[in-house]
Amino acid sequence: MSPSRLLRYFAPITTVEDLSSFFKGLLGKIGLYNSSNKQYQIYNREMSEQRISPNSTFKIFSALFALGSNVISTYNNEQVWD
């Protein structure tokens, strides 16, 4: 199902949020799902309806897993790069 059809399908439980203050002038989009109230929150609806290759979105899940298992924390997450 295309993203635009998904948004129409979930219209009663989808809200479009203005999260521009978090992006600080950067171009971006995000879609969040709150399972407690079964609601989608979308920032930049127009961009989120565009189809693109997911590339390395697995990094989001890796980071969430690392936070959840205390491998990293929100206070100490410096990564040394060679």
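## Surface and overall picture

Accessible areas here come from the Shrake-Rupley method with a 1.4 Å probe, and for residues only the protein chains shown count as cover. On that basis the chain has an accessible surface of about 7,300 Å², and carbon and sulfur atoms hold 57% of it. Of the 82 residues, 12% count as buried, where buried means under 20% relative accessible area, exposed means over 50%, and partly exposed lies in between.

Before going on, keep in mind that this is a predicted model: local features need pLDDT of at least 70, side-chain atom pairs count only at pLDDT 80 or more, and totals for chains, interfaces and linings use all residues. Residues are numbered from 1 along each chain as its sequence is written, and side-chain values use heavy atoms, with hydrogens and water left out.

## How the chain is laid out

You'll find four helices and three strands in the chain. Helices (H or I, at least four residues) and strands (E, at least two) are DSSP runs, numbered from the N terminus. Read from that end, the order is α-β-α-β-β-α-α.

Now for contacts, meaning heavy atoms within 4.5 Å. Take those in the chain with a separation of 6 or more: 43% of them join residues 24 or more positions apart.

Strand S2 (residues 30-34) pairs with S3 in the antiparallel sense, over five bridges; two strands pair if DSSP finds at least two bridges between them.

## Two aromatic pairs

A pair of aromatic rings is described by the distance of the centres and the angle of the planes. Rings of Phe, Tyr and Trp (its six-membered ring) pair if their centres lie within 6.5 Å; planes under 30 degrees apart count as stacked, over 60 as edge-to-face and the rest as tilted. That rule gives two aromatic pairs. In one, the ring centres of Phe23 and Tyr43 are 4.6 Å apart and the planes stand at 25 degrees, so this pair is stacked. It links distant parts of the chain, with Phe23 in helix H2 (residues 20-23) and Tyr43 in strand S3 (residues 39-43), 20 residues apart. Phe23 is buried at 18% relative accessible area, and Tyr43 is buried too, at 12%.

Tyr33 and Tyr40 also have ring centres 4.6 Å apart, but their planes are at 45 degrees, so the pair is tilted. Tyr33 is partly exposed, at 43% relative accessible area, and Tyr40 is partly exposed at 27%.

How values were computed:
Buried means under 20% relative accessible area, exposed over 50%, partly exposed in between (1.4 Å probe, protein chains only).
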